[in-house]
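Welcome! Keep the view open as you read, and pick out each place as it comes up.

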Amino acid sequence: MAERGGRRPGGLGDKIFTANQTSGTGTKLKPKMGNGQGIAPPASKVTDFFSQGQGKRHRNLGNAIIGALREAHDDGRDCKVVTSQQLDHSWDQTDSSTNFKILEDGVTAQRLEGKGSTDAVRSKKAYQSGCHVFQIYWPKDEWGSHASIGCGTTEVPLTSPGYSVLIGSTVDSWGWNVCEKKLYHGGKECGTYPAGRWQLGDIFYMILNLQTGNLSFRTKGNKDLGIAFNNLPKGDTALCVMASATSGNCRIRMKYIGSEDILQMRSSQRKDTRSLQEPMQQTYYTFHSRCGKNTEVLFGGKMARRKEAEDEPDNGVVLTSQSLEDGEPFQVRLNSKVSRWRGSLEIGVTTTPADLLDFPSSMTDRTIGITYMWCGDVVYMNGDKILDLDRDLDNITVGDCIGLMVDGDKLYFYHNGCRLPQEVSGVPNVVYGVVDVYGDAECVTLVGTDRSLSRLSTIPGRKEIVHLSTPLSTMMAMRSTIDTLKNTEIESVTIATEIEITILKPYYASDGDRDLRMAYGDHLADLGAAQEFAKLLRKLSEGALSEGTNWQLEQTVRLACWNYSNVSVKVAVQIGMAGLVSIFLEDLDKYGIPKTKNEKQRFVVLSALNILHNCAKASENRQIYRDHQALGRISKYLKSDDREYVMVAALTLSYISEDDKLDLVEMDTRATKQILTVLKKGLESPDLYGRVDESGYSVLELTQGLSCLALNQTNKANLWECGALSLMMKTITKGGFMEKEHAADVVWRLAQHSDSVRTKIRNNTAAMETLTELMQCHSVPVQQAAERALLCIHQVMRQQHIGMPEKKNDALLTCDYRSLCKRFMDSLDLQAEFFNSKYDMCYCNSCHVTRADSLYYTRGEPAMVYGLPIGWCRFGLHIHKSRANALKVFQKWHVAYHGTTVGAIKNIIETGNLLLPGDVAYGGITLREGKGHFNDDWKPKGFDTKNVFLSPSIRYAGIECYARPKKFKDAQSGQKYTASVALQVCIRPNSYKVGKDTVGASQPFDPRIDNQNIEWFTKERGSIILYGLLVKLC
Ligand SMILES: [Zn+2]
């Protein structure tokens, strides 16, 4: 088709195609073919600015992004910013039906009222190549019956009497009737669009891709609705955007966004479920697009996000494009966190603008210009500590706003809109805002000063926000509820509903998404929810069981504790700290074993038992349970007639009983049967989760519980009688590594019962095959467990050995593994004077099985669990006896492990101290500590960033990045081995901090020690006493 059109006299200079000047008169126009009326313009001009010079294009594109995305999230009611580009690419008053008028903003076309016709608008630009994105705002309630949008040439008529679909009525137009969801072209309906049940909102995007010849649409949330037309003419025909309507007063706003890249960019940041969408506020500042290499700046500079935040803690520095204005706060809100890393968001100012800054991995590393950074609870100036603040940024949580304001030479600090009392003076004239999206911080948004400085709890419509249920809005609503609890007198009706809507509903709504549930739980713990729940329950404790609203509140709070303690260790720990354990234990005392069928009483007891069960899993709570004599108070419930009570009580006891007293927890046959019944159900369900009445238990927790409960001789007998063996075999077949390990351990315990049981297992060919096969499992702990079981099954008449206390070293003398480890140790050239063979102990499977020890022990005050170093051999070290006795090291201190390199051992043994990171290369970048992320070459004066890392689990301390393996050739046998070393130590309670793993494991390392608590770190070298050198060869 020949192009037609021509420069409109006196029109906009870059208007390429003019409409037929006679159109829009109300008469039906026939499409006109090109007739030489105008001169076809050079193609390069047709395709607008994208065909222009590279530099120009960039600038234009940049403007388009900022302009368009600043608006991308507004509600469309209000059109604040229109760029000149958008004006150029919007509707053409002179090329539209006269029944449309273009409003003052220049981008909105409004149809006049009361015309019995169908009328169309056409864009100023006609496009011949490239890909073009338009944001369309067309309120749904103004669609009428024939709202249609698409593209067409200037030949397409602009008006038609009666109601019809204009766009698509001709061979040179392609239209989508959004009301009917039908596509039209050449006067024919050609399909339904979009496929599926997508509802279009008031705002959507149209993508005109003339490279591929496709017309497609996306929702406001950037959901791709697919290709509507794939047959647009490429190259020789210029197409305008068109819309037609029949509805009076309807408004169609069109804003040109730019190329499709912009939408791609927006969609990429939605991959993460925790990335957040919400209206952007107008703020004075924007982030500069030059930023740290692991960072992306989004939404026209309003948002900054650290990419792959789980993998790298740093390279998240962003600066403002603008220098800070006096009195104009620079403020960001933390949108999301990752559940790794220590240290968090940092904020500050610097004299170096973004385009001159060589972006460092963290802002505290930089050395040019003048930089003030608020890190943790300290302000640094070029790395020197200059001020303590009474807010610690390492404790902020999702939804918190932190900010700075310069005024003259003063710098002020804000947290959630409150100015801190401290200030800095002497700040240079021109500074830029800096945010270091560091550590557990993942994403921040620049926020304006209006709303964010007021209390969040005053935002109306919270219920609707939750209904929208983006993770951020949900977390904000939770925050608002907890704030309300903290700050106001409680009216139980309102607050019960509030908790239900903002805290419980999101839990139920995220069914199947355990990570999201955990994130919600962790967030609630960060907010201090458990303390508030404890306050509420105390207030309710009088007359709690009365009718009416108090009961609703009681129920809601208990359900919140019950559910969230199940998914978040942080919540479980906080419930312990908040004193809730004693409240729930009191419930147990108060109601005893409910005999009546009182539903409320039953709920109170059952919720108490279940929460106690969940919280017992957190090892930090061990001492709290001990202090409250929880063992005895829960044990009563083993005698209940209610199967569910018995079951949850038994499992709780399996956690809290000290490992050397576990054999005191004795169940009767009914309880044993109940647990096995639920386990059977769990094994039959695809998610390995057994449900009973109100509660559910995973196969994992059931088998773990059984592996502990099977220490008791009566339980062993009952389990054997009730057919536990076959269920364990089923667990081994169906379960994951942890389940397999526990199941093999249960078999090991059963085999300890008697010769007759061992004989029976030996004669069970299927079971023996399963166990033997398990020795080939990829997981070393599973292999070890299988070997333990098999070793024990093959033991004959060793009854007198089993169950006896550690007997001095008969076994050691005959253990080949121990001899091998000794030969390796001798190769290290360590002086014999350091060692005390009295404490030598081989933890190889055969020595361990012979001793019939537990796998875990609880030591110290407060009580803390540690795991035996199975698979390792310990060589005792001399300790300072009188010092150890005076400090009661073996009674009061905790036991932990420290993995290290073979090369470092000599130094450690000789100094008697563990080496600090930096002394020894310590496992790579993941081990950069604390809030500092400083390094040896550069660190603030007097700032000790060095920590010693330990773990109560050898499975963690012994991983390769800590205990680096080294090749060892045994001279005696000529065999080659891989050797690892670690230290077993006593460490003073409260001298260390507890943290999550820093190697980024997605699976638990240790069944009894949660990844959240698996890493201990300290700077206090004097608080660690080395007492064993551990060696592992494989
Ligand atoms: Zn051994």
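**The zinc site**

Four cysteines hold the zinc ion through their SG atoms: Cys-815, Cys-842, Cys-844 and Cys-847, at 2.2 to 2.3 Å. Please keep in mind that this is a predicted model.

- The arrangement around the zinc ion is tetrahedral, because the four donor atoms subtend angles of 105 to 114°.
- Along the sequence, the donor residues follow the spacing C-x26-C-x1-C-x2-C.
- Cys-842 counts as buried because its relative accessibility is 0%.
- Cys-847 also counts as buried, with a relative accessibility of 3%.

**The protein as a whole**

- The protein contains 31 helices and 40 strands.
- It has 1034 residues, and 60% of them count as buried.
- Among the contacts with a separation of 6 or more, 73% are between residues 24 or more positions apart.

**A pair of packed helices**

- Helix H8 covers residues 514-527 and helix H11 covers residues 569-577; the two pack at an angle of about 35°, and their axes are 7 Å apart.
- H8 and H11 cross in a left-handed way.
- On the H8 side, the residues that take part are Gly-521, Asp-522, Leu-524, Ala-525 and Asp-526, and they meet Lys-570, Val-571 and Gln-574 of H11.
- Sorted by class, this contact of H8 with H11 has three nonpolar, two polar and three charged residues.

- Tyr-193 and Pro-194 are joined by a cis peptide bond, with omega at about -5°.
- To find Pro-194, look in the loop between strand E9 (188-192) and strand E10 (203-209).
- Glu-180 sits in another loop, between strand E7 (173-177) and strand E8 (182-185).
- With 38% relative accessibility, Glu-180 counts as partly exposed.
- Glu-180 and Tyr-193 are 13 residues apart along the chain, and their C-alpha atoms are separated by 8.9 Å.
- Glu-861 and Pro-862 are also joined by a cis peptide bond, with omega at about -5°.
- Pro-862 belongs to the loop between strand E31 (856-859) and strand E32 (864-867).

- Asn-382 is a residue other than glycine, yet its phi is positive, near 40°.
- You can find Asn-382 in the loop between strand E21 (378-381) and strand E22 (384-388).
- Its relative accessibility is 31%, so Asn-382 counts as partly exposed.
- Lys-888 is not a glycine either, and its phi is positive at about 55°.
- The loop that holds Lys-888 runs between helix H28 (881-886) and helix H29 (889-892).
- Lys-888 counts as partly exposed because its relative accessibility is 40%.

**Gly-150, a buried residue in a strand**

- Gly-150 is part of strand E5, which covers residues 148-152.
- With a relative accessible area of 0%, Gly-150 is buried.
- Which residues does Gly-150 touch, not counting residues up to four places away in sequence? They are Ile-167, Trp-174, Gly-175, Met-206, Leu-215, Cys-240, Val-241 and Met-242.
- Ser-244 is 94 residues from Gly-150 along the chain, and the C-alpha atoms of the two are separated by 9.0 Å.

- Phe-875 lies in strand E33, made up of residues 873-876.
- Is Phe-875 buried or exposed? Phe-875 counts as buried, because its relative accessibility is 1%.
- Leaving aside neighbours within four places in sequence, the contacts of Phe-875 include Arg-818, Cys-821, Lys-822, Met-825, Phe-835 and Asp-840.
- Tyr-1027, Gly-1028, Leu-1029 and Val-1031 are also among the residues in contact with Phe-875.
- Phe-875 and Val-1031 are 156 residues apart in sequence, while their C-alpha atoms are 8.1 Å apart in space.

Terms used:
Residues numbered from 1 in each chain as written. Predicted model: local features only at pLDDT ≥ 70, side-chain atom pairs only at ≥ 80, totals over all residues. Heavy atoms only, no water. Donors = N, O, S within 2.8 Å, 3.2 Å for Na, K, Ca; no water. Tetrahedral: all angles 85-135°; square planar, octahedral: opposite > 155°, others 65-115°. Buried < 20%, exposed > 50% of the residue type's maximum accessible area, 1.4 Å probe, protein only. Axes fitted to C-alpha atoms, helices over the stretch in contact; angles between N-to-C directions. Helix = DSSP H or I, 4+ residues; strand = E, 2+ residues; numbered from the N terminus. Left-handed = near helix turned anticlockwise from the far one by under 90°. Contact = heavy atoms within 4.5 Å. Nonpolar A, V, L, I, M, F, W, Y, C, P; charged D, E, K, R; others polar.
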